[in-house]
Amino acid sequence: MVIAGSRVSIHERTLMERPFGRLLRFVTDDAVGKPRTLIVAPLSGMRSEMMYDMILGLLPDHDVHLLCWTDAADVPLEHGPFGFDDNIAYIVDALRHLGAGVHMIGL
């Protein structure tokens, strides 16, 4: 990807992984000092690949993170149900992991 006239590499890193979702970071060479932004994907089992246009659009000016959800059909029953309270808990945990001052975009 080209940002401000320079070619920048992008690496996807998993920061937190749980049965129903993952917190990803899209690391660039120039992420230092940029505002941290968390994108919360819809609860449709949407993979991070489906969010790439938004991620690529934010990368020039933000340190981009994505909370993406695992398709419930792929989660073993032993992990129990996943309700509204669980959904909110995952989001709160992601925000705590990223620290104060995080911007959030919920889809």
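These legends go with close-up views of aromatic residues in a predicted model. Residue numbers start from 1 along each chain as its sequence is written, and side-chain values use heavy atoms, with hydrogens and water left out. Local features need pLDDT of at least 70 and side-chain atom pairs count only at pLDDT 80 or more, while totals for chains, interfaces and linings use all residues.

**View 1. W69 and F82, a tilted pair.** This is one of 5 aromatic pairs in the structure; Phe, Tyr and Trp rings (six-membered ring for Trp) pair with centres within 6.5 Å, and planes under 30 degrees apart are stacked, over 60 edge-to-face, the rest tilted. Here the centres sit 5.7 Å apart with the planes at 55°, so the pair is tilted. It links distant parts of the chain, 13 residues apart: W69 is in strand β6 (residues 63–69) and F82 in the loop between β6 and α2 (84–98). Helices (H or I, at least four residues) and strands (E, at least two) are DSSP runs numbered from the N terminus.

View 2. F82 is partly exposed at 24% relative accessibility, whereas Y90 is buried at 9% (buried is under 20% relative accessible area, exposed over 50%, partly exposed in between; 1.4 Å probe, protein chains only).

**View 3. The aromatic cluster.** F20, W69, F82 and Y90 form one cluster. Within it, W69 is buried at 3% relative accessibility.
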